[in-house]
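Subject: Structure for handover, with notes on helix packing and salt bridges

Dear colleague,

I am passing on the structure below, together with my notes on it. Please keep it open while you read.

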Amino acid sequence: KYFLKKVINQPYIGEREYELDKYMKTRIFVGDSKLLRNVYVGNNSTCINSYLEIAENSLVSYKNDISLQFMFNYDYCQDATSVIRLKRFCDITYPTYSFNTELYGLSEYASYIDKCDIYICGEERQTGLAAIYTALRLGKKIYLKGNNYDWITSLGCIVHHTNELKKISSDEFLSRDSDSIIENNRKVI
C-alpha cells in the first residue's frame, strides 16, 4: 500500500513494561474461580461501533452472568448519538454495566486491567495494543478480531476470536484459559 521495501516493527517497549513488571512483583493473585465475570470491552470511544456490535449481538446471551465495562478512558462524549444508543440498549438489557471514563497513569494501568477477567476488542483496525499486551501478561482471557487478532496470533499467542462469542456456551465463555495457554501468552509477550 505504501510501496515501502524496508519496514521495521517497533513494538511498545518502555515505561509501561517497567510499571507492569513492578506491579506483577507485588500482585496478590486471588482469582482461582473457574468462572470469569468482569468483562472489559475496549479500547476507546473511537471503537463505539464495535461496542454496539458486541453489546447488541455478541454478549446478550451472557448478560446475567457478567459485569460489563466499556472503556471510554480517553475521549468520552456522552451526547454522541451512538453512545446514547449504547446506553439505552444496555439500560434495558444488561443488569450490570458501566462506562469507564477515568484516565489512568502508567503506574495505575496494570491494576486497572487486572480488575477484568475477559478483555474484548471487536475492532477490525489495530487498536488497544497496550491493553492487549497488559492483559496477556496478567493472564486474562482475550477476544479479538481483525488486525489485532492477526497480529497477536502471528506472535504465537493463543487468543479467541470475537466470532466465537455468538457460538459458545456461557460456561465456555466464562471459563478460564488453561494454565499452559496463560503461560505461553506471558512468555510470548
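This is a predicted model: local features need pLDDT of at least 70, side-chain atom pairs count only at pLDDT 80 or more; totals for chains, interfaces and linings use all residues.

Residues are numbered from 1 along each chain as its sequence is written, and side-chain values use heavy atoms, with hydrogens and water left out.

Helix packing

Two packed helices are described by the angle between their axes and the distance between the axes. Helices (H or I, at least four residues) and strands (E, at least two) are DSSP runs numbered from the N terminus; axes are lines fitted to C-alpha atoms, for helices over the stretch in contact, and angles run from 0 to 180 degrees between N-to-C directions.

Helix H2 (residues 48–58) and helix H3 (residues 81–93) pack with their axes 10 Å apart and at an angle of about 20°. That makes H2 roughly parallel to H3, given that angles under 35 degrees count as roughly parallel, over 145 as roughly antiparallel, 65 to 115 as roughly perpendicular and the rest as oblique. The crossing of H2 past H3 is left-handed, a term used if the near helix is turned anticlockwise from the far one by less than a right angle, with right-handed used if clockwise. On the H2 side the contact (heavy atoms within 4.5 Å) is made by Ile-48, Tyr-51, Leu-52, Ala-55 and Glu-56, and on the H3 side by Ser-82, Val-83, Arg-85, Leu-86, Phe-89 and Cys-90. The residues of this contact of H2 with H3 divide into eight nonpolar, one polar and two charged, where Ala, Val, Leu, Ile, Met, Phe, Trp, Tyr, Cys and Pro count as nonpolar, Asp, Glu, Lys and Arg as charged, and the others, Gly among them, as polar.

The buried residues of H2 are Ile-48, Ser-50, Tyr-51, Leu-52, Ile-54, Ala-55 and Ser-58; buried means under 20% relative accessible area, exposed over 50%, and partly exposed in between (1.4 Å probe, protein chains only). These buried residues of H2 pack against strand S1 (38–41), strand S2 (67–71), H3 and strand S4 (118–121).

Helix H1 (residues 15–26) and H4 have axes 8 Å apart and pack at an angle of about 60°, which makes H1 oblique to H4. H1 passes H4 in a right-handed crossing, where Glu-15, Arg-16, Glu-19, Leu-20 and Tyr-23 in H1 meet Leu-106, Ser-107, Ala-110, Ser-111 and Asp-114 in H4. By class, the contact of H1 with H4 has four nonpolar, two polar and four charged residues.

H4 and H5 pack at an angle of about 65°, with axes 10 Å apart, and are therefore roughly perpendicular to each other. Their crossing is right-handed, and in it Tyr-109, Ala-110 and Ile-113 of H4 meet Ala-130, Ala-131, Thr-134 and Ala-135 of H5. This contact of H4 with H5 has six nonpolar, one polar and no charged residues.

Salt bridges

The side chains of Arg-85 and Glu-56 meet in a salt bridge (2.8 Å, N to O). Arg-85 lies in helix H3 and Glu-56 in helix H2, so the pair ties together parts that are 29 residues apart in sequence. Arg-85 is partly exposed at 44% relative accessibility, and Glu-56 is partly exposed with a relative accessible area of 23%.

Lys-87 and Asp-91 also form a salt bridge through their side chains (3.3 Å, N to O); both lie in helix H3, four residues apart, about one turn of the helix. Lys-87 counts as partly exposed at 39% relative accessibility, as does Asp-91 at 46%.

Asp-114 and Lys-140 form a salt bridge between their side chains (2.9 Å, N to O). This pair links distant parts of the chain, 26 residues apart, with Asp-114 in helix H4 (residues 106–114) and Lys-140 in the loop between helix H5 (129–137) and strand S5 (141–144). Both Asp-114 and Lys-140 are buried.

Two separate residues

Asp-91 and Tyr-23 are 68 residues apart in sequence and 35 Å apart in space, C-alpha to C-alpha. Glu-124 is found in the loop between S4 and H5 and, not counting residues up to four places away in sequence, touches Lys-145, Gly-146 and Asn-147.

Notes: A salt bridge is a side-chain nitrogen of Lys or Arg within 4 Å of a carboxyl oxygen of Asp or Glu.
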